[in-house]
Amino acid sequence: MGKQIILNAFDMNCVAHIVAGTWRHPESQAARYKDLEYWTDLAALLERGLFDGLFIADVLGVYDVYGGGPDAALRAGTQVPVNDPLLLVSAMAAATRHLGFGITAATSFEHPYSFARRMSTLDHLTKGRVGWNIVTGYLESAARNHGLDTITPHAVRYDIADEYTEVLYKLWEGSWEDDAVGTDPSRAHYTDPTKVHAIGHDGRHFRVPGIHLCEPSTQRTPVLYQAGASDRGRSFGAQNAEVIFIGAPTKELLREAVADIRTRASDVGRDPYDVKIVNGHVAVTGPTAAAARARHDDFRSYIDPEGALALWSGWLGSDLSRFDLDDPVAVTDNEFLKSSVQMFGQGQWTLRDFVDAHAIDAEGGFSVGSGDDVADDLQSWVKETDVDGFNITNVITPGSFVDFIAHVIPQLQRRGLYKTEYTQGSLRHKIFGRGPRLPDAHRAAAYRRTHQEASR
């Protein structure tokens, strides 16, 4: 039996997430993203399929690099319009018992004090099934619409994220002692004020003198996801992340990234396998290989090339409309999504290559075949790269997840690579099997305090 694979469904609160144009497919329900029932039905489906979590991406800007404006993204519906992901979670949690929820929120555009309360509230309401995907933000339009002249330089964004997470750890881990609150009716008071502590944070970017507004939740700190694949992003992830999401398109790149991340985690005193690494993956599957190939060809007929290029222009911070379809494409390093600059390449692809071959598998690995074929492929990625699992990107929703559950998961289970039932407990316990709280080796543990320490 091999190691148990982690599987998250990858989606976004919009009509077109990664694969532009397929919202028009007759099976797609993507345009129902505004309906709460779409999300509760999706959560219930994923739980029936024993998915570990639903990982929801987010942006706070529009893709307006391609052609110098947002028109292409608007026409294609590529990540605009886009709604808030956090508001979905409590309803989905009420429709499920085990499914985890990884929610993306940027450290650049919301104060940590209010964000801490929002995440603690969700951790309470989900009984410890929520995680936070830590991103710094990369869209110029998001920066401008939050009052900045331009996107903050990449290194500075991570400096801000370092302090942002420090504030959150102080609030989540150190402000309230475990026994500060008691619900026994014989107690004279609900909260013992001597066991609630102001954090007194006065830093370069944030000043938070007071206490956390929420009593301790099941996990205190939500499960910490992170999606930065640049050198600075990997260093930040090694310090903070419990699950790192990357989008390596080949096994060679993924193997290198996994080894590098594990080494960095070890260098900061963490067990390298206390960081779970998941890669993006698109799987088009069916009852037979021929059926899967026919399904893939059908999906390709709905691709919106302009929408795909609008997404990539935003990820790269480079206007791809200036290239003809058959021009070799090279983009220079910049302050936008550095990992995409690295993965896009420097001249080995043309735009036609991208549209023809990469519009569906734009971020991560790619499999087309029967359930057995896809299981073979996923198993080989795990064996050859040491990756822990996959974020499964839909081509159509929820159809891609329906197909995966019907055809791939049973094959993984037969091989002993995927669970046949959920573990009880919090999301963190389900992933690591050690209870709901962060381990002592994590950076956040330094901000915990006992009543005795606080009284000194």
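Student: Which residues of helix 7 are buried, and what covers them?

Tutor: In this predicted model, helix 7, which spans residues 231–240, has Gly233, Arg234, Phe236, Gly237, Ala238 and Asn240 as buried residues, the term being used for a relative accessible area under 20%. Their cover includes strand 4 (130–135), helix 6 (154–174), strand 7 (223–226), strand 8 (243–246) and helix 8 (251–267).

Student: What makes strand 9 count as mostly covered?

Tutor: Of the 11 residues in strand 9 (residues 276–286), 11 are buried.

Student: Which other strands pair with strand 9 in the parallel sense?

Tutor: Strand 13 (residues 389–393) pairs with strand 9 over 5 bridges, with Asn391 as the bridge partner of Gly280, while strand 12 (residues 365–370) is joined to strand 9 by 6 bridges and runs parallel to it, with Gly365 as the bridge partner of His281.

Student: Why is the contact between Lys170 and Glu166 called a salt bridge?

Tutor: The closest N and O atoms of Lys170 and Glu166 are 3.0 Å apart, and the limit is 4 Å, so the pair qualifies. The two residues are 4 apart in helix 6, which means a separation of about one helical turn, and Lys170, at 16% relative accessibility, counts as buried.

Student: What makes the pair Arg448 and Glu173 a link between parts that are 275 residues apart in sequence?

Tutor: Their closest N and O atoms are 2.9 Å apart in a salt bridge. Arg448 lies in the loop between helix 16 (427–432) and helix 17 (451–455), whereas Glu173 belongs to helix 6, so the pair ties those parts together. Arg448 is partly exposed at a relative accessible area of 26%, whereas Glu173, at 4%, is buried.

Student: Where do Glu384 and Lys251 lie, and is each buried or partly exposed?

Tutor: The side chains of Glu384 and Lys251 meet in a salt bridge at 3.5 Å, N to O. Glu384 lies in helix 13 (residues 371–385) and Lys251 in helix 8, so parts 133 residues apart in sequence are tied together. Glu384, at 37% relative accessibility, counts as partly exposed, whereas Lys251, with a relative accessible area of 18%, is buried.

How values were computed: Residues are numbered from 1 along each chain as its sequence is written. This is a predicted model: local features need pLDDT of at least 70, side-chain atom pairs count only at pLDDT 80 or more; totals for chains, interfaces and linings use all residues. Side-chain values use heavy atoms; hydrogens and water are left out. Buried means under 20% relative accessible area, exposed over 50%, partly exposed in between (1.4 Å probe, protein chains only). Contact means heavy atoms within 4.5 Å. Two strands pair if DSSP finds at least two bridges between them.
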